[in-house]
Amino acid sequence: MTAFGKLIRTTAFRLTLVYLFLFAIFAASLLGYFAWNTRRLITEEITQTVNAETSEINEIYGRRGLFGLVRAIEYRALRPGANLYLVTTPTGQAVAGNVGSLAPGVMATRGWSETAYRRIEDANEHDHRALVRVTELENGFRLLIGRDLDERRRLFGIVAKAAQWSVLIVVVLGLGGGVFVARRVLTRIDAMSGTAHRIMIGDLSERLPVGRSGDELDRLAENLNAMLERIEALMAGLKEVSDNIAHDLKTPLTRLRNRAEEALAKSGSEADYRAALERTIEESDGLIRTFNALLMIARAESGQARGNMDDFDAADVANGIHELYEPLAEDDGMTLKVKAQAATIHGNRELISQALANLVENAIKYGKPAAQAAGPVVSMDARQITIEAKREGDQVLLSVTDRGPGIPEADRKHVVERFVRLEASRTMPGSGLGLSLASAVATLHGGELRLGDAQPGLIATLVLPARAGASDRVAPPIPDVPQKVA
């Protein structure tokens, strides 16, 4: 398709033609109304003037008779101007006036008429048009008084010519403006199409050009760029997940296979086979937990869990997690405390409970003070983990605070990524998905996961939007039985 063909097929050009057509009709109608109204006003002015003169002539005729009438007509006929006068006998012979000829039957008809005529002094020229009034006098004489319509014709011609030029200028300017707008829009659309083509062939880093005008195309480009950034992040996350799955799951799968092969190779007792099967089941459970965690993260990031949201009290979640994990903390030499204030949240209770459970598990697993990890006895405060639920303004905070070594500030952005584990925690069991799930759940609910310094230790906080206009009435509590995700 040629450049001109593309140009005239654009929506902008077609809309310009439509508006041009409508504006041209409007301009022509406006000028036509002006011309008609001007014609009407001139006709009314002529009518008033002729009526006034007719009354004057009739008055003169009534006072002075026919002789006075003829002298008045001859006098007025000699004055320059567009006025017409004619007095005829009952037989139609001209007595006085400046009219040389009239259309047949004009003098025989009383009242107003528009007729062709010639003056006496221009008998050889073409006919003119006039608006005349014929009245009948006493004794059968007839009086014609009128006015030439050349002035009206010339004014109407001026308006008509102005209308023609106006419509022509409107059409030219409209087409020129349409071509300019269409080319400008087409250039931007072509740039967007080129960028979209490069994105389709695999370059996800491309972005649509955004101008400075802030018009609808710029706003569309900004929204599409935001969408592309989200798609690029999801694709990068998918690639990262695939790479991490291939890397982090290869070791347990290999270990699982080696143990099964070892059990088959050695002719051991039933107890040896049972132990091998138990280790195999344990490894399989770890793999299942990892895949369940990945599925839960994907569910949260895709927004599928929004359909199961309801109102509930964050304090109930905090108390439920405390009750569930308190024995586990005590078995590990830790103390689990809870501080819960009533705070209503609208969200997915299961996912929020799971996210808070992950934070508590991480605190139990990695939040031991350095001295306790080495063996010596430490104070009770150093072994304490605190679960807190409270409302601050329009936000609800669910936090878990420990007194362990914490996470360096430089690593806090990376630990929420999938399968990321710091060097200090690689010797401990886990998959590196706990904080990823907590972050995904917070994002699903329009909040965020914040990692801060407890001095010493780590404070991990789920910042969630509070339920707008929430009252003390919340949904009935349901059991908080989260899966274990390290």
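Guide: Here is a walk around the largest cavity.

First, a word on the model: it is predicted, so local features need pLDDT of at least 70 and side-chain atom pairs count only at pLDDT 80 or more, while totals for chains, interfaces and linings use all residues. Residues are numbered from 1 along each chain as its sequence is written, and side-chain values use heavy atoms, with hydrogens and water left out.

Rolling a probe the size of a water molecule over the atoms shows where empty space is left. Here a cavity means a set of points, on a 1 Å grid over the protein atoms alone, where a 1.4 Å probe fits but cannot get out. Searching the whole structure turns up one cavity of 30 Å³ or more. The space in the largest cavity comes to about 30 Å³, volume being the space filled by probe spheres set on the points, which are joined across faces, edges and corners.

So who lines the largest cavity, counting residues with an atom within 4 Å of a point? The lining is made up of Ala35, Thr38, Arg39, Ile42, Arg152, Leu155 and Phe156. Two elements, α2 (11-78) and α3 (150-200), each give two or more residues to that lining; helices here are DSSP runs (H or I, at least four residues), numbered from the N terminus. α2 provides the largest share, four residues.

By class, the lining has four nonpolar, one polar and two charged residues. For that tally, Ala, Val, Leu, Ile, Met, Phe, Trp, Tyr, Cys and Pro are nonpolar, Asp, Glu, Lys and Arg are charged, and the others, Gly among them, are polar.

Definitions and conventions: 1 Å grid on protein atoms, 1.4 Å probe; cavity = no way out; pocket = protein on both sides within 12 Å on 5 of 7 lines; lining within 4 Å.
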